[in-house]
Amino acid sequence: MLIRQAKELARQWVREQQQRWPGYAGAFVHGSANWLADDADLAPTSDLDVMVVIDGPLPENRPGKFLYGGVLLEGSFLSREELRSPEQVLGCYHLAGSFHQPSVIDDPTGELTALNAAVAREYARRAWVERRCADAMARIERNLHGVPTAPIWPDQVTAWLFATGITCHVVLVAGLRNPTVRLRYVAAQELLHAYGRDDDYLHLLTLLGCAELNAAQVSAHVDALERVFEAAGAALHSPYPYAADLSADARPVAIDGSRALVAAGLHREAMFWIVATYSRCLNVLWRDAPVSVRAIYLPGYQRLLADLGITSPTDLARRCAALEAFLPDLWQLALALIAANPEISD
């Protein structure tokens, strides 16, 4: 399916559903599709992110991932307060990229379209690029601070994992590239190679712990992930923010997408989303499954983490300290990329 066809289906879904959302104020395409041409193919292992803007309290349950007209959509809600001004969006690294090109698919008041145009005009200004890099750096620190306070082990791992993975986002934002979620390491590798900074990319992999892993190791972890993915989907009954990511509809992203990366020789790059999904599955089993069921799948999780060099909370604390120590170097790397990027203007 072409991107433009997927966008049209997303527009159709929004217009069918908008009466169910009090305070509905419009919708835009979020994420990776905004970095692809309308006549490009939407990969079967990818979804199309749709952000629904609400003026007022957000609905309790977000739509999440679901199939609609043959395309996998991921619907989320965003408060209108987060889009008060172009300046607010320009300084927010996870939002600005969605407005660097026309992305609005429904706009009952015209305000989103005007915001889109204003952000696009200023998007490549050096001051805003640096502001967005600083925003990503701050998110790393917030995630690190959340590691010791997370209630269960999979959540502690998740906090460390996403703090570590945002190092790729700092690099991508500095390079005016998409701070993608699942494929962040693939994108960071491509960018840093283009700038002749392969050693810096190797350091990002080292922080994650997968620089020395081989394809056979990662493939075995995908096999284990497939089994726990099915178990978590069957056990899930408590409210969980990432429930849709563990549904049958999301399988092409979580499982098939990981296998595709391994087959393409990007096994190290696959590890980020493997660990993220495995941790979410364990979270579900921790809350919704008997201890006996959790015991079946916990050893696979332990092997996964051991291959990253994490066998205990002490190891995790060391990895957090190593990441924190790297942050000044990461900031200098971002500034170097900004200075070398001819697309960025004063």
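**Entry 1**

I looked up D245 and found it buried, at 9% relative accessibility. Buried means under 20% relative accessible area, exposed means over 50%, and partly exposed lies in between (1.4 Å probe, protein chains only). The model is predicted: local features need pLDDT of at least 70, side-chain atom pairs count only at pLDDT 80 or more, and totals for chains, interfaces and linings use all residues. Residues are numbered from 1 along each chain as its sequence is written, and side-chain values use heavy atoms, with hydrogens and water left out.

Next I checked the partner of D245. Its side chain meets that of R62 in a salt bridge, 3.9 Å from N to O. D245 sits in the loop between α9 (215–235) and α10 (251–263), and R62 in the loop between β2 (48–54) and β3 (64–68), so the pair ties together parts 183 residues apart in sequence. Helices (H or I, at least four residues) and strands (E, at least two) are DSSP runs, numbered from the N terminus. R62 is partly exposed, at 29% relative accessibility.

**Entry 2: the rule and the count**

I noted the rule: a side-chain nitrogen of Lys or Arg lies within 4 Å of a carboxyl oxygen of Asp or Glu. I count 19 salt bridges by it.

**Entry 3: two more pairs**

I looked at R84 and E81. Their closest N and O atoms are 3.3 Å apart in a salt bridge. R84 is exposed at 57%, while E81 is partly exposed at 46%.

Then I took R125 and E122, which form a salt bridge at 3.4 Å, N to O. R125 is partly exposed at 33%. E122 is partly exposed at 30%.

I also traced a network: salt bridges with shared partners join D47, R62, K65, E74, D245 and R280.
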